[in-house]
Amino acid sequence: MSPEKVTEAMEVMAEAQREEPPEGERPRPCDVLVGHVGAERQTVTVTSCGSRVIDALTDHGFYVRVYGGGARVEWREP
């Protein structure tokens, strides 16, 4: 993802973290890794978060690929 899309994803996750979790879900911290691959290509991996963060990302057009203990956040141009 571009640095601008990484920033947008981080803002979406931060806003979702401020919301109350869905009924029956305990509050969870949101742990995120941003890896630098190239000048215009960075990766975002979420290692821990509540469902509201994943929902918010997908609502804003991000593709979230869940695997093992984490989730890779991607942006795909329409």
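## Strand pairing around E4

Strands E3 (residues 62-67) and E4 pair in the antiparallel sense over six bridges; strands here are DSSP runs of E with at least two residues, helices are runs of H or I with at least four, and both are numbered from the N terminus. Two strands count as paired if DSSP finds at least two bridges between them. This is a predicted model, in which local features need pLDDT of at least 70 and side-chain atom pairs count only at pLDDT 80 or more, while totals for chains, interfaces and linings use all residues. Residues are numbered from 1 along each chain as its sequence is written, and side-chain values use heavy atoms, with hydrogens and water left out.

## Confidence

The predictor's confidence in each residue is given as pLDDT, from 0 to 100. For this chain the mean is 88, and 96% of the residues reach 70 or more.

## The nonpolar core

A nonpolar core is taken as a set of buried Ala, Val, Leu, Ile, Met, Phe, Trp, Tyr and Cys residues joined through side-chain atoms within 4.5 Å. The largest one has 16 residues, and those touching the most other members are Met1, Met13, Val44, Val53, Leu57, Phe62 and Val73. Helix H1 (3-18), E2, H2, E3 and E4 each give two or more residues to this core. H1 supplies the largest share, five residues.

Phe62 is buried at 4% relative accessibility, where buried means under 20% relative accessible area, exposed over 50% and partly exposed in between (1.4 Å probe, protein chains only). Leaving out residues up to four places away in sequence, Phe62 is in contact (heavy atoms within 4.5 Å) with Met1, Lys5, Glu8, Ala9, Leu57, Val73, Glu74 and Trp75.

Rings of Phe, Tyr and Trp (its six-membered ring) pair if their centres lie within 6.5 Å, with planes under 30 degrees apart called stacked, over 60 edge-to-face and the rest tilted. By this rule there is one aromatic pair. The rings of Phe62 and Trp75 have centres 5.1 Å apart and planes at 65 degrees, so the pair is edge-to-face. It links Phe62 in E3 with Trp75 in E4, 13 residues apart. Trp75 is partly exposed, at 24% relative accessibility.

Glu74 is found in strand E4 and counts as buried at 18% relative accessibility. Its side chain makes a polar contact of 2.7 Å with the side chain of Arg65 and another of 3.2 Å with that of Arg76. A polar contact is a pair of N or O atoms within 3.5 Å; within protein, one must be able to donate a hydrogen and the other to accept it, and residues adjacent in sequence count only if both atoms are side-chain atoms. Setting aside neighbours within four places in sequence, Glu74 is in contact with Met1, Phe62, Tyr63 and Arg65.
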